[in-house]
Structures are given as C-alpha cells and as structure tokens.
Amino acid sequence: PLRRWVTHEGFNVRSGGAVGVPEFYDYDVALVELERDVGSTGKPRRVCIPCTEDANRAMRKPPGTTCEEQEAELLGRPRVAAEFMSLDGQRMGVQVKNQQAWAVCASGATQAGMPYAGLEVGAVVTPRFLCSGQESGGPPEATTCKGESGGSLFLEMRHRFIQVGVVSWGTFNACQGGRRTAEGLLLRSPPPPGHQPRDFYVSLFRVQPWLRRVLGGALRFAPMRPMAGPTAASPVGHTAGPSHGSPVPPL
C-alpha cells in the first residue's frame, strides 16, 4: 500500500499548449512512499539513486565522490548501454545517447508523422531528458510500450543497479494490439516504414534539487560538485574563486 505520492512541482502536461505542444512531459517524475520497507536483500533488490553515497559504494568510489563525477562515469560516453523493465518483467536493452549523439536522437521527436512535426526540438525535448532509439548499423534497441512510463532506466555495474532516469514518453507504442507469445510475453511490433522510434526519460541528474528536498531525510546525498580549493592566486585563508572545470548543464 502507498503512504504518499509526491509529483514534481514543475510538471504540467498542458503547459506547452501556447507553443503547439499538446502534451508536455518536462519534469515528468514522481516519488512514491510505501507503507512497508521492501528490504535490502533478495527480490526485489534496491536500485541506487545517483548522486548518493549509496551509489558511491555501488560504484566503488570513495566517500565524497561528487554527483558531477558520478555522471561523468555513468553517462560520459556518446552511447551507454542501459535497460528498462517491460510490462511483463523482462529486462529491455537500449543505448542512451549523450553528447553530440543526444541532439540527433532528440530530433526524432519532431520527425514527420509525429504530432510535434515542424516544431523546434527544444520546445518538446528539454535538457532534462535522456534519449534512446535504434540507429542505423547500431546494436538492436528495444522500444517502450504504453504503460511502461514511470519505470526505471538503469545501468548494471558490478552486480548493482543504478537508476539514471525515469521512463517518460516515446514516439511509438510497440505493444499496440496486445499480442503475446505462446509463453505469454508481449510481442513488440516493428515501427511503420520510415519511422525511427525514440524514447525519452527524465534524467535523475537533472532533478537533483527536488530529489534532495524530498528525500534529504532518508538518503545521504553526495556533493553536487567539487569544492573550490586554494590556488596559487588564492592564498590559504582567503575565499577561493569558482572552479574552472568543465561546465555542467543547468539543473
């Protein structure tokens, strides 16, 4: 049984209507609290939320490793293998697109035949979304089905699972018709000719202020970024200036 349900205050599915976006899924994330603890061993096994000390232990990182450093290790490559759970409990593989590959993937939201065709990609897909979708010549990727929204997008690392996103929406429902195999598994249909399915997930790295506010009493969060330390131009005892490391996209 559920004790409470907390949605992100920034979520408003109708907020894009003025720019021609009938359903806008920015900040499409919620937290549920159960009446009873599910336990920490056996099945189901806990998934680690990123930017926590639990995630540092799962990644075998020293205490104090920052959120920025975790993200660089987990999602710092153009394509990262990840998984989500299907409606029938199967692990489905995708490739999360990052860096330059993200923009190409995200552009699929406005491809021909979509309700958003002709709109600017940024009006539909914000930087808070991760993106996956089959690429020409790339490894096979699953496509989400209606009803799988709200599930975890996760990476497996050293037999531990780290959630990096929440399934939000996609351009193609692979389970239309509800057909099943003889074993009872859902049959996922191929997309229509010319359509390139894209799936979008709310990145847990991009809703950190909300997660920390809601879960701050339950989890120990890692620092967001390294603390600026003394430099040659900043004598010990004086306030050091900002770090000059790689910029981080806004939260």
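I count a salt bridge when a side-chain nitrogen of Lys or Arg lies within 4 Å of a carboxyl oxygen of Asp or Glu. The model I am reading is predicted.

**Entry 1: salt bridges**

I searched the whole structure and got 14 salt bridges. I started with R3. Its partner is E35, with the closest N and O atoms 3.6 Å apart. R3 sits in strand β1 (residues 2-7) and E35 in the loop between β2 (30-34) and α1, so this pair ties together parts 32 residues apart in sequence.

I then looked for what else joins in. R3, R4, E33 and E35 are linked in a network of salt bridges.

Next I took R128. R128 forms a salt bridge with D26, and the closest N and O atoms are 2.8 Å apart. This pair links distant parts of the chain. R128 is in the loop between α3 (100-106) and β5 (129-132), D26 is in the loop between β1 and β2, and 102 residues separate them. I looked up the burial of both. R128 is buried, because its relative accessible area is 16% and the cut-off is under 20%. D26 is buried too, at 6% relative accessibility.

My last pair was R91 and E156. Their side chains meet in a salt bridge at 2.7 Å, N to O. R91 lies in strand β4 (residues 91-97) and E156 in strand β6, so the pair ties together parts 65 residues apart in sequence. R91 is partly exposed at 40% relative accessibility. E156 is partly exposed at 42%.

**Entry 2: a buried glutamate**

I went to E53 next. E53 belongs to helix α1 (residues 53-58). Which side chain of opposite charge is nearest to E53? That is R220, 4.8 Å away. E53 is buried yet has no salt bridge, because a salt bridge needs the nitrogen within 4 Å of the carboxyl oxygen. I did find a polar contact for E53: its side chain and that of N56 are joined at 3.0 Å. I also listed its neighbours, leaving out residues up to four places away in sequence. E53 touches P63, G64, R220, A222 and P223. R220 is thus in contact with E53, but the two form no salt bridge.

**Entry 3: the barrel**

I traced the sheet. Six strands close into a barrel, in the order β3-β4-β5-β8-β7-β6, with antiparallel pairing. On average, neighbouring strands of this sheet are turned by 45° against each other, direction ignored.

Where do β3 and β6 meet, and over how many bridges? Strand β3 (residues 79-85) is joined to strand β6 (residues 152-157) by two bridges, and the strands run antiparallel. F84 stands opposite L153 in β6.

I followed β5 on both sides. β4 and β5 pair in the antiparallel sense over two bridges. V96 stands opposite S132 in β5. Four bridges join β5 to strand β8 (residues 199-203), again antiparallel. V202 in β8 is the bridge partner of F129.

I then checked which way the β5 side chains point. F129 and C131 point one way, and L130 and S132 the other way. All four are buried.

Conventions:
Residues numbered from 1 in each chain as written. Predicted model: local features only at pLDDT ≥ 70, side-chain atom pairs only at ≥ 80, totals over all residues. Heavy atoms only, no water. Pairing = 2+ DSSP bridges. Axes fitted to C-alpha atoms, helices over the stretch in contact; angles between N-to-C directions. Buried < 20%, exposed > 50% of the residue type's maximum accessible area, 1.4 Å probe, protein only. Lys, Arg positive; Asp, Glu negative; His and termini not counted. Polar contact = N/O pair within 3.5 Å; in protein donor to acceptor, adjacent residues only side chain to side chain. Contact = heavy atoms within 4.5 Å.
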